[in-house]
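Please walk through the helix packing and domain layout of the structure below. A report in short sentences follows.

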Amino acid sequence: MSNRKTYTRTTKPGKRREKWTDILPRYLTFISHMRPILRETRRIIKDLDPDLLLDIEILDKIRQEEEKRNIRTVRALSEFSAMYRSNIYEIMKDFILKYHDKIPIIDIKDYIMDFLHESVDALDVLRKITNPDKKYYENTYLYRLVKFLEEKIFPRGNSVKVIYEKLLEHVPQFYECQRHLLQPHTYYREKIENADLFEIPGISPKIYQIINNITSLYNLDPNYGAFPEKEKHEIPMILTNDVFAPYIDSIANAEEDAIEKIAERIGLRIIDGIFLAPEESFVKILLENNFLRENKQADGTLRYVAQFSNETLLMYYLAFASMRRGFLSRELINWISMNFAFLIYMGVLKWKLSEENIFYSIFKDLQTNEKVLPYLMKLICFPNYLGIDKMKIRDSPQYRKEIFNFIGSQIDNLKELILEVAVECEKIDKEKK
Amino acid sequence: MTAEIKDTTWKELLEEFIKGVDKAVEELGKRDVENIPGAREALLTRLNNMKMHFPKNNGEIFIRAINDKIQNAFFPETMDFSQAFRDIVKSRTHEQDFIINELLNGFVSSKAKAIALGTEGPIIDRMVEAFAKRNDFHIVDYQFFAMFGDPNKPRAYVKNQLQKLIDLFGLVSKELVVEKDIRRSEKKIYTFYTFPEEILEILAEKYVIFDEEIEQARVSEAFDRNVFICMFLANLAINRDNIEKIGGSYTINGISAIFALILLLSFMPKLSVEENNPILRDPSFKEDNMSVIPKSWMMKQILEPLFEPLIKIIAYRLGGGLWLSKVITSEINKKIHEQIRFLLKDVNKWILGNLCRVEIPIFVEIANIFTEILVGYNEE
């Protein structure tokens, strides 16, 4: 029998490395390998006679030589470096082949130099996005950009009311982004209701449809009933049965069973077991924002008539989630931090890279994204930033593939927000100087 | 005399619609849920105008609205896949994409059991991702398994799922037989999936940067999920006579209902609001491309008598008697219609309790047909 001691792992891998000083080096690992490759390439191209660029084999040989100089000992890193370098050279080759008939080779060289320069600059910003220790974080790009985005799509505040009003301010410009933030693509993993703990999940397409139905029913022909907290006042109420009447073949049974929980997340409550009506605190918010108007009845009661907008209930959901951000579901945490990380990453690229930069595709490649974004997501979760539970960020490569796939289907409004982030980056940069 | 005048089915459908309008007018008389003065009256006038003018010239307004507008934008009348796809892609605008998306969302949720089970939503995004990342515009089945396979499910499951999507979007497969695999020296068959040749040409023009010199195609940013949705619609349009192939009566009812909703929305009258109405101060309301319309038509009692005949009219014009016979008029289907009335939320928005229509091309063009005929009649 062998005397070798067996080691039993008691904690899940990766779970102990969750301090700022653990995650930041991981975030920097790949970036700090990408930058020298681009700088080396820039130096090589700079020293190369432009006419030699026309011979594509020369570029291949240079790349092979460069690869020999690879001294990385960690396999994942050397594989990544090789992949990264080969992508850069392939893109340069394609560019030369494509334009050598149309543009003088000396200009092609200048273009490549400029593109490489921009890419190194972008990586410089990503490398210095925050401080190694947590000191003086208020002036870092990461902090400023998180707060900039947070204010627009996931603001903080002392009460749901404050948050709700902050959100409404940005509805005209970024409603689609705000709504997007609540709709994880992995919604099918969500539990609508968790009997054992208070948890806020994301919105599935069906729940989104149900919330829209509720909005429409309030605006169309609601019932009116006594406001439980205020005498001689009536609030609009709709029948839960009306909301679920269109759903046949039990396709919305789970949602119907969980209606109380869903209602709570959109500021509503169940009255007499059959009606959906706004909570007392929500009535105040609705009145202040013109989503309810007063109508004096002949008998002297004051009736609150609903005049909801598309965003009325959805923004409550977002404000409620923001207020209770410590209780978000795993899917929602991954989704929100993913969106923030993606917006910041793309915003920096938008700022530094010109539209025609040939290396844009490498930055947006899934293989690059999956090396940078997961750690950026975790950094964004820290208390001074978004303040959500970073331990819920999933580490499995399979899951990462799943969430990064959403990048292929960005919504237009996200692109507008990316542009705003780029402008903000410029502003921060000027202030730093 | 044209053949259509002899068409008794068409005549019956028009009559049925007029009966529906009568019923809606009657119901509208009973309740007023509008908060804009004159809104109910405007809707009543519109319904009465519809009653008077729609049956004229053998239902000219319907024929022109459906044949010329809806078909051109979403469901081209052709047997040529590339032509159908070209037409749908051509009519894309940011807002029209919302309709196309809604169309598919409604459709997918009704077919949830058939397509991709719990993951039906993101699956299209995954397809976009898979294609957009490959510069040769092909995906290999193994690549798909690697990207989307679930280690907890057998390979056959993913394979099956992929095949369903390939059929749904009208993609084509090609096999590559390798006599000796480099790793095991065994015979191996790779299956590639790509777009049909003629579609690739259109994509090349619009979404793909195709480089003949290096024989590589790069996919531009504009290539998104809606390209697939256009493929899906084009595939349905050209296979409209093969009901089994397009998913049976579910598809027919779903598509006809969404197009009926588009028709109905286009026919709604624009309301003028008083200067002090808060909607004019709401930052979400864009005066230049939005119109306030009456909301009463959304009430169950009014929509129900209008919707069913309208769905039949659409079904008949798109797929003839074959489609008409597949329209389900059961009580259950009426419930599904209730679900549809609140769709198209991004082009049919609620702003402070008022219903606003975003004036996208399809609505404007259909409304213009009606106005043109109405003006012609008044001049006479």
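The crossing of H13(A) and H17(A) is right-handed. A crossing counts as right-handed if the near helix is turned clockwise from the far one by less than a right angle, and as left-handed if anticlockwise. Helices (H or I, at least four residues) and strands (E, at least two) are DSSP runs, numbered from the N terminus.

This is a predicted model, in which local features need pLDDT of at least 70, side-chain atom pairs count only at pLDDT 80 or more, and totals for chains, interfaces and linings use all residues. Residues are numbered from 1 along each chain as its sequence is written, while chains are lettered from A and ligands numbered from 1 in the order in which they are written.

**Helix pairs**

Axes are lines fitted to C-alpha atoms, for helices over the stretch in contact, and angles run from 0 to 180 degrees between N-to-C directions.

| Helix pair | Angle | Axes apart |
|---|---|---|
| H13(A) (330-352) and H15(A) (366-381) | about 110 degrees | 8 Å |
| H13(A) and H17(A) (412-432) | about 65 degrees | 8 Å |
| H5(B) (81-90) and H10(B) (197-206) | about 25 degrees | 8 Å |

In chain A, H13(A) meets H17(A) through residues including Leu343(A), Ile344(A), Gly347(A) and Trp351(A). From H17(A), the partners include Leu417(A), Val421(A), Cys425(A) and Glu426(A). Residues are in contact if their C-beta atoms, placed from the backbone, lie within 7 Å. By class, this contact has eleven nonpolar, one polar and two charged residues. Ala, Val, Leu, Ile, Met, Phe, Trp, Tyr, Cys and Pro count as nonpolar, Asp, Glu, Lys and Arg as charged, and the others, Gly among them, as polar.

H13(A) also packs on H15(A), with an angle of about 110 degrees. The two are therefore roughly perpendicular to each other; that term covers 65 to 115 degrees, with under 35 roughly parallel, over 145 roughly antiparallel and the rest oblique. Their crossing is right-handed. Among the residues that make the contact are Met338(A), Phe342(A) and Tyr345(A) of H13(A), and Val372(A), Leu376(A) and Ile380(A) of H15(A). The contact has twelve nonpolar residues, one polar and no charged.

In chain B, H5(B) and H10(B) pack at about 25 degrees. That makes H5(B) roughly parallel to H10(B). H5(B) passes H10(B) in a right-handed crossing. Phe81(B), Ser82(B), Phe85(B), Arg86(B) and Val89(B) face Glu198(B), Ile199(B), Ile202(B) and Lys206(B) in this contact. The classes here are five nonpolar, one polar and three charged.

**Chain B as a whole**

Chain B has 15 helices and eight strands. Of its 380 residues, 41% count as buried. Buried means 20 or more other C-beta atoms within 10 Å of the residue's own, exposed means 12 or fewer, and partly exposed lies in between; the C-beta atoms are placed from the backbone. Among contacts with a separation of 6 or more, 71% join residues 24 or more positions apart.

The domain assignment, which is automatic or from a database, gives domain 1 (3-75 + 242-379) and domain 2 (81-238). Across the boundary, 21 residues of domain 1 are in contact with 17 residues of domain 2. On the domain 1 side, H4(B) (56-74), H12(B) (248-267) and H15(B) (361-379) each supply at least two residues. H12(B) gives the largest share, six residues. That side divides into 16 nonpolar, four polar and one charged.

Ile61(B) is found in H4(B). Is this residue buried or exposed? Ile61(B) is buried, because 21 other C-beta atoms lie within 10 Å. Not counting residues up to four places away in sequence, Ile61(B) touches His53(B), Phe54(B), Ile369(B), Phe370(B) and Ile373(B).

Key: Contact = placed C-beta atoms within 7 Å.
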